[in-house]
Amino acid sequence: MVTTIEISGYMESALDALVLAGIYSSKTEAVRDAIRRLLDGFDMKEVAVKAYKNGAISVQLAAEISGLSLDETVWLLISKDVAPELGVRDESELSQSVSELRGRDVLVLDLTSVYSLLELGLVDVVTKLGKRVVMPEAAKGKSQAMIMKFSKLRGLLVALDGLETVKVSRNLGEFSRKNGITVQEAHAIYIAKKMNGVLVSDDARARRVARGVGVPSAPTLAVLMLARDVGVLADSKFREALARMGALPLMVPQSLLSS
């Protein structure tokens with residue numbers, strides 16, 4: 001994404017002088033250095049928390065801004081008394097999501113769904129549904145780092161077997177900026193639209209953005225419900241996962257918890 005800044009008058013003359021004096025090789029370098037100095041004056045973790053609290057960004061973008069991992073960002077928000085909007089609370093949205101998953105052959109994962117599946121120990125469930133499971137190439141590096149961290153903490157090796165990565169060549173920087181999501185989230189939505197698939201995300205904002213452009217979306221819970229219904233996931237395992245979701249933390253409809 002490219003941002004254009006208009007500079008004129010004294011500031012432009014001053015920038016020219018900095019270049020002529022050999023302090024910077026170009027005005028662009030001078031402006032970049034000024035922005036770096038500006039950002040150094042802020043605690044970007046606090047900036048991310050405030051932006052998320054104001055409803056302006058997704059959890060995943062908050063992680064990108066703060067420079068923390070997804071799980072670290074989740075607990076940072078909680079420590080600041082800001083509830084991460086992850087998972088699904090609305091029963092009707094959940095029901096609709098399961099129906100959409102049944103009718104589509106492609107599932108597009110983002111980082112939040114990978115995070116949830118890893119924490120629940122149910123990564124293999126998605127690939128057993130008989131559907132094509134893909135992820136944006138833009139999310140590959142962070143997902144691998146997440147898997148390595150999880151494997152080290154749990155003392156076991158986890159692999160996302162059967163998961164494809166798809167490269168998006170289209171520039172979606174403006175779309176991601178306007179909607180307060182990351183580029184990898186924008187790529188996931190774009191892939192789901194192009195492949196007539198479903199975005200699988202536990203980030204409620206990402207799902208809203210997807211639905212806003214006509215892309216079906218579903219939380220991880222909907223995937224697990226479908227897996228249980230088709231016999232891929234035992235009901236006991238589903239109940240166990242349901243009980244653990246609150247600790248991640250993921251929102252779950254109260255009716256499921258009390259049934």
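Me: Which helix does His187 lie in?

Reply: This is a predicted model. The helix that covers residues 183–194 contains His187, and that helix is α11.

Me: Does His187 count as buried or exposed?

Reply: A residue is buried when its relative accessible area is under 20%. His187 has a relative accessibility of 10%, so the residue counts as buried.

Me: Which residues is His187 in contact with, leaving aside its neighbours within four places in sequence?

Reply: Contact here means heavy atoms within 4.5 Å. With the neighbours within four places set aside, the contacts of His187 are Pro136, Ala138, Val168, Arg170 and Leu172.

Me: What span is expected for helix α6, and what does the helix reach?

Reply: Helix α6 runs over residues 91–103 and has 13 residues. At 1.5 Å a residue, 18 Å is expected. From its first C-alpha to its last, α6 comes close to that value and reaches 19 Å.

Me: Why do the buried residues of α6 line one face of the helix?

Reply: The buried residues of α6 are Glu93, Leu94, Ser97, Val98, Glu100 and Leu101. Seen down the helix axis, the buried residues of α6 line one face because they fall within an arc of 165°.

Me: What covers the buried residues of α6?

Reply: The cover includes both helices and strands. Among the helices are α12 (204–212), α13 (220–229) and α15 (254–258). Among the strands are β1 (106–109), β4 (198–200) and β5 (217–218).

Me: In what order do the strands of the open sheet stand, and which are at the edges?

Reply: The sheet has five strands with parallel pairing, in the order β3-β2-β1-β4-β5. Each edge strand has a single partner, so one side of it is left without a neighbour in the sheet. The strands at the edges are β3 (163–166) and β5.

Me: Which residue of β5 is the bridge partner of Val200?

Reply: Strands β4 and β5 run parallel and are joined by two bridges. The partner of Val200 in β5 is Ala218.

Me: What share of the residues of the chain count as buried?

Reply: The chain has 15 helices and five strands. Its C-alpha trace spans about 70 × 40 × 35 Å along the principal axes. Of its 259 residues, the share that counts as buried is 46%.

Conventions:
Residues are numbered from 1 along each chain as its sequence is written. This is a predicted model: local features need pLDDT of at least 70, side-chain atom pairs count only at pLDDT 80 or more; totals for chains, interfaces and linings use all residues. Side-chain values use heavy atoms; hydrogens and water are left out. Helices (H or I, at least four residues) and strands (E, at least two) are DSSP runs, numbered from the N terminus. The expected span of a helix is 1.5 Å times one less than its number of residues. Buried means under 20% relative accessible area, exposed over 50%, partly exposed in between (1.4 Å probe, protein chains only). The arc is that of the directions from the helix axis to the C-beta atoms. Two strands pair if DSSP finds at least two bridges between them.
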